[in-house]
Amino acid sequence: MTLLHGSEMIALKDVHFSYADRPILKGIDLSIKKGEIVAIMGGSGSGKTTLLGLISGRLKPQSGSVFVDGLDVPGLNKANLYGLRRRIGMLFQFGALFTDLSVFDNIAFPYREQTSLPEALIRTLVLMKLEAVGLRGARDLKPAELSGGMARRVALARAVALDPSVMLYDEPFTGLDPISVGIIGRLIKRLNRALGMTSVIVTHDINESLRLVDRVIVLSEGKIHRDMVPDDVRTTQDPFIRQFADGLPDGPVPFHYPGADYVSELFGA
Amino acid sequence: MNRSKFDFAVGIFVAIGLLAIVFMALKVGNLAGFDSGSGYVLEARFDNIGGLKIRAPVKSAGVVVGRVDSIGLDSETYEAVVKLRISANYRFSKDTIAAILTSGLLGEQYVGLESGGDPVYLANGDRLGKTQSAMVLEKLISQFLFSKAAETPAKTK
Amino acid sequence: MISYLTQFIEMLGRFVTSRIDRLGLAARFAGLLLLALGVSIRRTTLIIREVYFSGVRSLSIITVSGLFVGMVLAVQGYEVLQRYGSAESLGVIVALSLVRELGPVVTALLFAGRASSAVTAEIALMRATEQLAAMDMMAVDPLSRVVAPRFLAAVFSMPFLAAIFSAAGVIGAWIIGVHLIGIDDGAFWSQMQANVDVRIDVLNGLLKSIVFGTAVGLISVFEGYFAAPTAEGIASATTRTVVISSLSVLLLDLVLTVMMFRGLS
């Protein structure tokens, strides 16, 4: 954290969240400073995507507070929430591109909907964003004609169209080939620096995220298990993080789904 | 996203739809017929209107000249007060007779106007002097039976 | 034995409460949709696009069905009427049946099957692929941009389609009645015109189709919006749209028919 990074951008205080009576987050305290890139990791169902939903205002916590850029997110009415969302960009897991629009129209969408810029200017801006992700030549293709990596890059260009202050990434590396993973990782880092954003990345991918984030937050059992910098993640002896980082099949996260004793189930009554 | 293609197709669609509606209104229905609200109103009083309903036709010589506008009861004389809305194209003399007739044997009932020879014409709000009430089936039958019963005792004498 | 009974009652109770819950959800959704209409009515480009996909694309099935239904009416109607020597009233029978009932109702049923099921599938798929969530995240209300135009397209297209169905039916009946069976052309049209009232019959028929369009439109977007984001979810949402729309149309038809046409006799 250098002197350039100023105040707190995202803050969660004692947040509890349950979905259909099942508690998912049991008291989360989180603080992310402006300009940071933070990775959120944890087992499946540990509440990683829920955190993104809370930050973006799609979900409301049962208790606790969520602040983004000084605003109390759960307390915002629809108009103000939409106002905040214009400053937040989100990259969905599989891109969530509008399948009936071309690549160009997908990226032009936020401009056409949120601004009254003339078409000529929109065209310039769209081409610039496409150039930044390396897909200017693909602008007339339909999402169905894109590979997974390309689709995600287009979605990234669309998410940063209005130059948001906060970017949320939902598993941006999942399901991509190594080249695409590298491309996305580099783009995330470059955009974060270039636009002075704060980025929150939910991911499983240890290797790629360690390369680009400032902090790693590990969730377990609905709480923050650890909050450390990448170097510490590589060297820590914490069994949970070790199992995660090294991809070990068994450890604090058990291999076997809880059930009856094996021998008695096979042979007994 | 080809906007002009959609606009054109939807335009054709709406045009065909409107054509269909107009076809229905003119060729199938009788929009060219009588439009209520215009014309002038005459009043006719009957002892019994039978099955006459509002919007029943008013005909003269079998031609529809108007519609029954409203039906009410005079609570003092216990006469049925029927207001007839007549098309402005037709004029009827002051001694016109209004009768409640049935189309066919058991069809709907309508008001038939038979114009007289009076040089003075009925104006808006005038009342028709002579009326003929509807023939009620039960009364006809009882009349018939009564007259039949009246005949027989004379024969047995 | 008693346990079966209690189980059955429990199941019945659960079924009824779940239906009422869903009805409440639908009512709240309809309210939100109503609020979103104000904004979306100005997005004529979107509405026109949806009218194309729902209305224009239904033209062929509606016209052909109307033609065939009219022809069948003519055949069946003639068979019955000529027994009583009233074959000339064929035009009346066909026209009234079509304009008052078959036009609005059959059009609505066909529309539900063809256009509305497609709308449900489309919205459900957008939900499943997170397109609606993405739109919401970009501060664009999916109700205004995706749902409302499709709803308005249904309401708008229905009366036109119903009129086209009825018109095609009358023409079909005319072809069969006058040209194949040999009923007098003049009697066919004059009897019809004398007995079909524009205000009572034609206008009420159009009113019915607008009501049906509203119901079918609402049901189709509702089912799509709340579909489960899986293959089974989309499939069951689509079938639910067709089934519930059809039943609602028939129920509403009964109510409207009683309201509109009973006072005449």
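The legends below describe several close-up views of a predicted model.

**View 1**
Strand S1 (residues 8–19) of chain A is joined to S2(A) by antiparallel pairing over 9 bridges, and one place to look is A:Glu8, whose bridge partner in S2(A) is A:Lys33.

Chain A has an average pLDDT of 87, and 97% of its residues score at least 70. Where pLDDT is low, the predicted coordinates should not be read in detail.

**View 1. Helices H3 and H4 of chain A.**
Helix H3 (residues 103–114) and helix H4 (residues 119–132) of chain A pack with their axes 9 Å apart, at an angle of about 125°. H3(A) and H4(A) are therefore oblique to each other, and H3(A) passes H4(A) in a right-handed crossing. From H3(A), the residues A:Phe104, A:Ile107, A:Ala108, A:Tyr111 and A:Arg112 meet A:Ile122, A:Leu125, A:Val126, A:Lys129 and A:Leu130 of H4(A). Divided by class, this contact of H3(A) with H4(A) has 8 nonpolar and 2 charged residues, with no polar residues.

**View 2. Helices H8 and H9 within chain C.**
Chain C has 9 helices and 0 strands, and its C-alpha atoms fill a box of roughly 65 × 60 × 35 Å along the principal axes. The view shows helix H8 (residues 198–225) and helix H9 (residues 231–261) of chain C, which pack at an angle of about 155° with their axes 9 Å apart. H8(C) and H9(C) are therefore roughly antiparallel to each other, and their crossing is right-handed. Among the residues of H8(C) in this contact are C:Val211, C:Phe212, C:Ala215 and C:Ile219, while H9(C) contributes residues including C:Ile244, C:Val249, C:Leu252 and C:Leu256. By class, the contact of H8(C) with H9(C) has 11 nonpolar, 6 polar and 4 charged residues.

**View 3. Chain C in contact with chain B and with chain A.**
Where chain B meets chain C, the contact takes 19 residues from chain B and 25 residues from chain C. On the side of chain B that touches chain C, 13 residues are nonpolar, 3 are polar and 3 are charged. The contact of chain C with chain A takes 9 residues from chain C and 12 residues from chain A. The side of chain C that touches chain A divides into 6 nonpolar, 2 polar and 1 charged.

How values were computed: Residues numbered from 1 in each chain as written. Chains lettered and ligands numbered in written order. Predicted model: local features only at pLDDT ≥ 70, side-chain atom pairs only at ≥ 80, totals over all residues. Pairing = 2+ DSSP bridges. Helix = DSSP H or I, 4+ residues; strand = E, 2+ residues; numbered from the N terminus. Contact = placed C-beta atoms within 7 Å. Nonpolar A, V, L, I, M, F, W, Y, C, P; charged D, E, K, R; others polar. pLDDT = per-residue confidence, 0-100. Axes fitted to C-alpha atoms, helices over the stretch in contact; angles between N-to-C directions. Parallel < 35°, antiparallel > 145°, perpendicular 65-115°, else oblique. Left-handed = near helix turned anticlockwise from the far one by under 90°.
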